[in-house]
Every structure is written in C-alpha cells, then in structure tokens.
Amino acid sequence: AGRGVELCSRAAIFMITTHQKQVIATHALTVPLRELRRLVRLRLQESRDSIGFNIAALRCISKVANERKASFFIPDAEKVDVWAGLGLGSDVAAAMENRRGAISKADR
C-alpha cells in the first residue's frame, strides 16, 4: 500500500510539472489539484506513521534479542570447565600439552 502512495504522488508531480503552463492557465483545475494535494499529504503522512511504527517495533525486537544474547555470555573470569574430571575436557587437553612439552624437551 505504501508503494502505491509513493507512485501516485510521483506521477502527479511529474504530470503537474510537465504541464505546468496549461495547469496555471486553466482555473478549473485549482479545486481538484487542492483536493489531490490534501489527499496525497494525508496518505503520505499515514505511510510515514506506519513506517515509523515498524521501525520502532524493529528496534524493540533488536533490543530484546541483544538482551537475550547477552544473558548467555559468560565472562572469562567466571569460566567454569564443565568437562573437568570427566576425562572429556581440559584435563585431557592439559595432559596432551604436557606430553607435547615432554616430547619437545626430549628432542633437544
């Protein structure tokens, strides 16, 4: 619907600017042109209001999404190894690092 308002207003502006001399010379067109102006302004304002409402809704949705994303963030200071002691996490990685360190020292 918003695209139709924009297209109609552009077409009206093009027609009026193209035939400006004829429009000025014809006094019978003043009332229809004033009505057209009023309607175009009204519809464009409705379209602007709708777009503004949609932008506000998108900003609200973005804010909620960022808050939810931030709630899953775990700072490094409070990092807890959930795999510790199970042989699936950092203890295995630490053992492999120790093994690599021991191998590299043995090669020297």
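Relative accessible area sorts residues into buried (under 20%), exposed (over 50%) and partly exposed (in between), using a 1.4 Å probe and protein chains only. The model is predicted, so local features need pLDDT of at least 70 and side-chain atom pairs count only at pLDDT 80 or more, while totals for chains, interfaces and linings use all residues. Residues are numbered from 1 along each chain as its sequence is written, and side-chain values use heavy atoms, with hydrogens and water left out.

**Salt bridges**

Side chains of opposite charge can pair when their charged atoms come close. With a salt bridge defined as a side-chain nitrogen of Lys or Arg within 4 Å of a carboxyl oxygen of Asp or Glu, the count is three. Helices are DSSP runs of H or I with at least four residues, strands are runs of E with at least two, and both are numbered from the N terminus.

| Glutamate 6 | Arginine 10 | 3.2 Å |

Glutamate 6 and arginine 10 lie four residues apart in helix H1, about one turn of the helix. Glutamate 6 is partly exposed at 29%, whereas arginine 10 is exposed at 56%. In helix H3, glutamate 35 and arginine 38 are three residues apart, and glutamate 46 and arginine 43 are likewise three residues apart. Glutamate 46 is partly exposed, with a relative accessible area of 42%, and arginine 43 is partly exposed at 38%.

**The largest pocket**

A pocket is an open set of points on a 1 Å grid over the protein atoms alone, where a 1.4 Å probe fits, with protein on both sides within 12 Å along at least five of seven lines; lining residues have an atom within 4 Å of a point. The largest pocket has a volume of about 260 Å³. H1 and H3 (30-71) each supply at least two lining residues, and H3 gives the most, with six. Among the lining residues are Ser9, Ile13, Leu36 and Arg41. Serine 9 belongs to H1 (residues 2-18) and is buried, at 9% relative accessible area. Beyond residues up to four places away in sequence, serine 9 touches Val40 and Leu44, a contact being heavy atoms within 4.5 Å.

**Cysteines**

Zero disulfides are present, a disulfide being a pair of cysteine sulfur atoms within 2.5 Å. Cysteine 8 is exposed at 53%, and cysteine 60 is partly exposed at 47%.

Notes: Grid points are joined across faces, edges and corners, and a volume is the space filled by probe spheres set on the points.
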